[in-house]
Amino acid sequence: MLILGIDTSCDDTAAAVVADGKQILSNIISSQTDFHRKYGGIVPEIASRKHIELIIYVIDDALKTADVTFDDLNAIAVTNRPGLIGSLLVGIAATKSIAYCYNLPLLDINHIEGHIYANFLEHDDIPFPHVCLTVSGGNTLLVYVMNDWQYELLGGTQDDAAGEAYDKVAQYLDLGFPGGPIIDRLAQSGNADNVNFPRPMLNSGDYNFSFSGLKTSVRYFVTKNLESNSLPPDEDIAAGFQQAVVDVLVSKTIRAAKAKNVSAVTLTGGVAANTKLRQAMSEAGELLGIRVYFPSRILCTDNAAMIAGVAYHKFLAGGRSGLDLNAQASAPLL
Ligand code: KG4
């Protein structure tokens, strides 16, 4: 069964063809990073305009790379929630047009659910139930995944998402955008012990997160040390900040896994591409006999293969949408 997935929820224009919910025949991602970089973050109006310019070419590329035509498809799926409203609407309009013209079943997909199922594209042995940490630029969620489509939200961020904090900290240090991959790389040669930042909500007793205060600590630290001409190397600040983020994410995820008595944890979302997070979570899991899964880096950040992947399971379960499908900027997972 061939499904064309489309995701335009934020700043990446993405289309992919996936066979039987598993085999990725194409996974095209057109990044708009160059257009947003000078603003230090994503500008929603620019994102939606760029999606309009790119969407046809990206879909065409996805079909050509997969060596299929619209006539070969069995269904088409699109992210319709949550995300930037103008961006979502572009993907939805394109998908509905194709569904109508080629008489294809249409499926609406929750972007977070796409991230959660990204792991299933590459791993055959993920058990239910498990605990999933979804960490991206827009979300930080800890989810107890009981079964297909059965979730319990354990906690989430009360302010900034972890990826947002990475991007802001990179901005304070004038490192570039997006900050996550840059800080990841710099931190590898830094000394985290040289700069100690707070671990927000580490001992809060719940599964919620807060990264806004940590981000502000880094800003004050940089301003104060610049004034006194005593700023440590960027590498050390990056490593110190990252260690604080990773300590909180790993500690809460492992605590949730123990409380729920699960044998597996999955990581997903853009920040799941982080070298230190992957390593620290794997080590913590290994100590307790908890298996830790994460997708390859290309499937951590926004992509449409994960949308086509989850759509396959939804299709088999009878999920279908009408042509009145609309975008929702915010939407619960459950
Ligand atoms: O999942 P994603 O592509 O978009 C959202 O749905 O938000 O995640 C993008 C976020 C950005 O904040 C980016 O800085 C972060 O993921 N990111 C990383 C890494 N790669 C991307 N953060 C930490 N380490 C990385 N290697």
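Trainee: Where is the place of Pro 178?
Mentor: Pro 178 sits in the loop between helix H5 (162-172) and helix H6 (179-187). Helices here are DSSP runs of H or I with at least four residues, strands are runs of E with at least two, and both are numbered from the N terminus. Before we go on, this is a predicted model: local features need pLDDT of at least 70, side-chain atom pairs count only at pLDDT 80 or more, and totals for chains, interfaces and linings use all residues. Residues are numbered from 1 along each chain as its sequence is written, and side-chain values use heavy atoms, with hydrogens and water left out.
Trainee: Is the peptide bond from Phe 177 to Pro 178 cis or trans?
Mentor: That bond is cis, with omega near -5°. The peptide bond from Phe 128 to Pro 129 is cis as well, with omega near -5°.
Trainee: And where is Pro 129 found?
Mentor: Look in the loop between helix H4 (111-122) and S6.
Trainee: OK, strands next. How do S6 and S7 pair?
Mentor: Strand S6 (residues 130-135) pairs with S7 in the antiparallel sense, over 6 bridges. Two strands count as paired if DSSP finds at least two bridges between them. S6 and S7 make a hairpin with 4 residues between them, and Val 135 stands opposite Thr 140 in S7.
Trainee: What about S7 and S8?
Mentor: S7 pairs with strand S8 (residues 150-156) in the antiparallel sense, also over 6 bridges. Leu 142 faces Gly 155 in S8. This hairpin has 2 residues between its strands, and Trp 149 in the turn has a positive phi of about 65°.
Trainee: How many residues of S7 are buried?
Mentor: Strand S7 (residues 140-147) is mostly covered, with 6 of its 8 residues buried. Buried means under 20% relative accessible area, exposed means over 50%, and partly exposed is in between, using a 1.4 Å probe and protein chains only.
Trainee: Why does Asp 20 count as partly exposed?
Mentor: Because its relative accessibility is 41%.
Trainee: And what is the phi of Asn 261?
Mentor: Asn 261 has a positive phi of about 55°. You'll find Asn 261 in the loop between helix H8 (234-259) and strand S9 (264-268). Asn 261 has 69% relative accessibility, so it counts as exposed.
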